[in-house]
Amino acid sequence: MNMFSYLKAYKKESILGPLFKLLEASIDLIVPLVVAAIIDVGVANNDRGYIFRMGGLMIALGVIGLALAAIAQYFAAKAATGYATAVRLDLFRKINQLSYNELDRIGTSTLITRITSDINQVQSGLNLGLRLLLRSPFIVFGSMIMAFHVNRAAAMIFVVVIPALAIVVYGVMFITMPYYKKIQQKLDLVTLKVRENLVGVRVIRAFNRQEEEKKQFDEASTDLVRTQVFAGRISGIMNPLTYVIINAGLIAVVWIGGKEVDTGIISQGEVIALVNYMSQILVELVKLANLIVSISKAMACAGRIRGILETKTSIKREAIPVPEPVDESVKVAFEQVSFTYGKAKKESLLGIDFRAKPGQTIGVIGGTGSGKSSLVNLIPRFYDVTSGAVLVDGVNVKDYPLDALRAKVGIVPQRAVLFAGTIRENMQWGKKDATDEEIQEALATAQAKEFVDQMEDGLDTKILQGGKNLSGGQRQRLTIARALVRKPEILILDDSASALDFATDARLRLALRDMAKNLNDKMTVFLVSQRASTIRDADQILVLDDGALVGVGTHKELLKSCEVYREICLSQLTKEEVERDAK
Amino acid sequence: MQSKETERTTIKRVLRYISKYSFLVILSLLLAVVTVVTTLYTPILTGRAIDEIVGKGAVNFANLFAILKKIAVLILITGTAQWLMNICNNRITFRVVKDVRTKAFFHLENLPLRYIDSHPYGDVVSRVIADIDQFSDGLLMGFTQFFSGILTILGTLIFMFSINAKIALVVVIITPVSLVVASYIAKKTYTMFQKQSQTRGELTGLINEMVENQTVVQAFGYEDEAISRFETINEELAGHSLKAIFFSSLTNPCTRFVNSLVYAGVCLFGAIAVVNGHLTVGILSSFLSYANQYTKPFNEISGVVTELQNALACAARVFELIDEEPLSKEPLNATVLMDAEGSVEMDHVAFSYVPEQNLITDFNLKVKPGQRIAIVGPTGCGKSTVINLLMRFYDVDDGCVRVDGTDIRDMTRRSLRENYGMVLQETWLKAGTIRENIAYGYPDATDEEIIKAAKAAHAHSFIERMSDGYDTVITEEGGNLSQGQKQLLCIARVMLKLPPMLILDEATSSIDTRTEIRIQKAFAKMMEGRTSFIVAHRLSTIKEADRILVMKAGNIIEQGTHEELLAQGGFYAELYNSQYINTATAG
């Protein structure tokens, strides 16, 4: 994929912009000739009229230059912003297509940097590039050509000076570039120290480590300064050195110019023109050096954006027909499913095999990292199985269009995420056209009705970004209601009652059971939890241990047959209860 | 940003930081003077040189050579002076920045938790990092360009007026026009930029929300909606950006246009003066160089002034942090708590985070050495606040907390905290190896001691399974570990060196219950003979406490042992029984 292809829509602008800039530059090159003419013709002949005419010409050239520049700036700005807008939209589209696997691998924070600051960098780099990338070399070489036009011998000095300047400017850049990278890394380290000391303030003070932390900060910060001063020393050489070179060239121009004037080859005014050309080069070279820095930054950013755009999506939203159910007596079936995350070495799930009937409540229990979440994430095909198959209504989930499959599922993720907007808008995520009645019903089931009713604006209450104005428990109940609004065929609660106290948790489960009953067994529920009390009444309990399914059955059956399950229960319930339940 | 007054005090404070390097500053200023004088003198010499080459056969090579030699010496001096000045400026800037940054960080270590808890981390980090960086950029630019820019303008004026007052006047009159134009454009584009950044903010907000929670977006099939919302704002941004970028980019052509007017003016009047015999051609060429030189610093300085203002605003934000009131000084005769026996008393304690909102009003508690105290209650009841007061992360508003009979405000904070071992729900780990993290409170620990602690915390086996064992590097905030693993490491950190008193605030909340049972055993051993405070929401973990405090709305509403509280049939009994509501309903 070529990042320049986005410029195609702005072909006209990206050609006209630099073109007008070049026209403007040509005017800059003409001015010294006009000055030379004023001196050689006007002054030499005492021709005041000529001097005034030429002065007028200079002003006219200034006006034309202004107009040309304004046009060039407009085209450049138009192409740059248009380009950035198009890339941004495409990138956002792409992000919305990435599957969980890619999102895990890339990480959302990088994605955010790329779509915000990286694209901004590219935009300003492009804007600058369109304006100056051609102009500066044009002036540099244009000056040289004009010098040749004036006098060959003097022009040879330009041939020596320009490469010498180029070597100095780019040499310094080349040497310092890695140091600036190092400075960035060292600054990151200093930032890390500051953040650590804020986040970990309690531990640091509890362990009385302030003095050590200060020492470490001082070390990191001294190291940073040392590198900064060093890099500054090198780049500080650039200006003086270019100044010396240009002026040495100037001396040579005057000396050789003097000789040429003496032999009558050129005039005094032409020597002045040569001097002017030499000064113009210096100005442009410095501009060019800045330009190259910002363009190489923009290129790096463009590369990072391209990296995302080129990421292959492993699970695509394709427009395939919705398949007919094959076997409606089994809602969800796992057939010898194994699953490995990304490039992980070890499987997260291994040979999982079970069937969930319509209307059943399935409990999923196991320790941290045993694969509970992985298991339920396979049902709406957030990830693809590594081997085996997941069936919904007897059809492999891979044969559904993604939207149709996910429309069947209501999921309540572990992290209670709400979005900026009203409570109603958040509830409508579950079902676009949900009526207030449907929403109220879902809120009631999710045990959220009470506190929503107490809010002044009810359903119109604004939720701040990230749901900051709600407590953890409130957020969690709202995310449950959001999933219930669509009355899903498959409801997945992924350890999503952890912030609720036991009483509310229990009421929630009773309400869910009622709801499932009222829906005539159309809703199959997956309850993922670490709490035995949450899943003990499930129709079927799946016990996971280190990715393997070590027990399937009811609470009672498992207490007798499954060692892991009994251990979990013993760690949470009293011995008497466990013994009573097992009977 | 604020009044002129604060700006002035900010400048004064910045100068005070700089004054530490006054030798370098004076040297830099002297070098700037040298650079400017020599730079300004060069065009005059060049002009004289040109006057030596009048026309065919009329070139005085001896004079020309002498002048050119002078120029060569001058540019060597200029180059060297410039280089030395750059080195000085660099050194001053980065040293000052380091001083300020270190001061800010050291101050941070000395700020009360009240400040740190109530300010977003991002804000503080941006003060210590980004603001100081901005400040350094502004300072460097100010040093390198502001002073020499003003000198150049003054010098040029003097040189120009001394040569030819009329032409100098032309330059002086036209040049300010470019400043007027630049500020006019800046004013006009200000609202455009504001609109742009507002829309950009809106877009960034949407991006943050949708990308960060992309999994939820996909789970609910919200992709198309998100894209269409994005498209609307994106289009709007495109319009605002185009306007802002285009109009602001007119500044440069406009000021250059004014410059070319100056140039044409000098050329015109200069040529006439030459014709009238008031001027030589060579002097005219020096004037032309001056016209260029004179307008440049004007354009630069207007940029530098905004940069400097920005730098001052940033400096003010940093100083604001440095001015925050630090922790109260410890009394001179503060006692050092050595190996506390472990009796803790909270006597009529009142405390609140926000003055208008009472949290704890009259809290009384007496704990005998070696007792195990459990604290339970609903979220927000003040459990963690009690811990904050015990560790003296916050000071009480009224009443007092005593350890071994001494008010904790009369002992050193250090010695008080040395007597507590603490495991919190938030599992903070440092970026560093696992070994360093376990030995955090006791850096001299031997490998055997570290492994012993890890084993006691049931962390040894997973550490062994990691790629580099105890030398595995943990990324910032333990990114590559699971929540449960992090918690185990935090427990090992305390196990390494057990102080006489313990605080466990939801210490096992992220660990699965089977592992928890095992850790409980370790905890039980650890707590033997130590005064311990345990906060937990899993009631099963606290049954064995000597005393359970049930808190609600900042006060103790019930206390006693597990059995006593169950028999009481109060709030605790209700909480406890609610865990088994199923058993009750299912019969």
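User: In which helix of chain A does A:F451 lie?

Analyst: This is a predicted model, and the answers rest on its coordinates. The residues 449-454 of chain A form one helix, and A:F451 falls in that run. The element asked for is helix 15 of chain A.

User: Is A:F451 buried, exposed or partly exposed?

Analyst: A residue is buried if 20 or more other C-beta atoms lie within 10 Å of its own, and exposed if 12 or fewer do. A:F451 has 16 other C-beta atoms within 10 Å, so A:F451 is partly exposed.

User: What distance separates the C-alpha atoms of A:F451 and A:G388?

Analyst: Along the chain, A:F451 and A:G388 are 63 residues apart.

User: How are helix 6 of chain A and helix 9 of chain A oriented to each other, roughly parallel or roughly antiparallel?

Analyst: Helix 6 (residues 152-199) and helix 9 (residues 238-262) of chain A pack with their axes 9 Å apart, at an angle of about 175°. Angles over 145 degrees count as roughly antiparallel. Helix 6 of chain A and helix 9 of chain A are therefore roughly antiparallel.

User: How many nonpolar residues has the contact of helix 6 of chain A with helix 9 of chain A?

Analyst: On helix 6 of chain A, the residues that meet helix 9 include A:I157, A:V161 and A:L165. Helix 9 of chain A contributes, among others, A:L241, A:I245 and A:E260. By class, the contact holds 1 charged residue and 3 polar ones, and its nonpolar residues number 16.

User: What radius of gyration does chain B have?

Analyst: The C-alpha trace of chain B spans about 120 × 60 × 50 Å along its principal axes. A compact globule of 587 residues would have a radius of gyration near 25 Å. For chain B the value is 36 Å.

User: Which helix of chain B gives the largest share of the side that touches chain A?

Analyst: In the contact between the chains, 119 residues of chain B meet 118 residues of chain A. The largest share of the chain B side is 23 residues, and it comes from residues 61-108, which form helix 3 of chain B. By class, the chain B side divides into 20 charged, 32 polar and 67 nonpolar residues.

User: Which residues have the most contacts inside the largest nonpolar core?

Analyst: The largest nonpolar core has 195 residues. Among the residues that B:A492 touches are B:I438, B:A453 and B:A457, leaving aside residues up to four places away in sequence. The residues with the most contacts inside this core are B:V266 and B:A492.

Key. Residues numbered from 1 in each chain as written. Chains lettered and ligands numbered in written order. Predicted model: local features only at pLDDT ≥ 70, side-chain atom pairs only at ≥ 80, totals over all residues. Core = buried A, V, L, I, M, F, W, Y, C linked by C-beta atoms within 7 Å. Contact = placed C-beta atoms within 7 Å. Rg over C-alpha atoms; globule rule 2.2 N^0.38 Å. Helix = DSSP H or I, 4+ residues; strand = E, 2+ residues; numbered from the N terminus. Nonpolar A, V, L, I, M, F, W, Y, C, P; charged D, E, K, R; others polar. Axes fitted to C-alpha atoms, helices over the stretch in contact; angles between N-to-C directions. Parallel < 35°, antiparallel > 145°, perpendicular 65-115°, else oblique.
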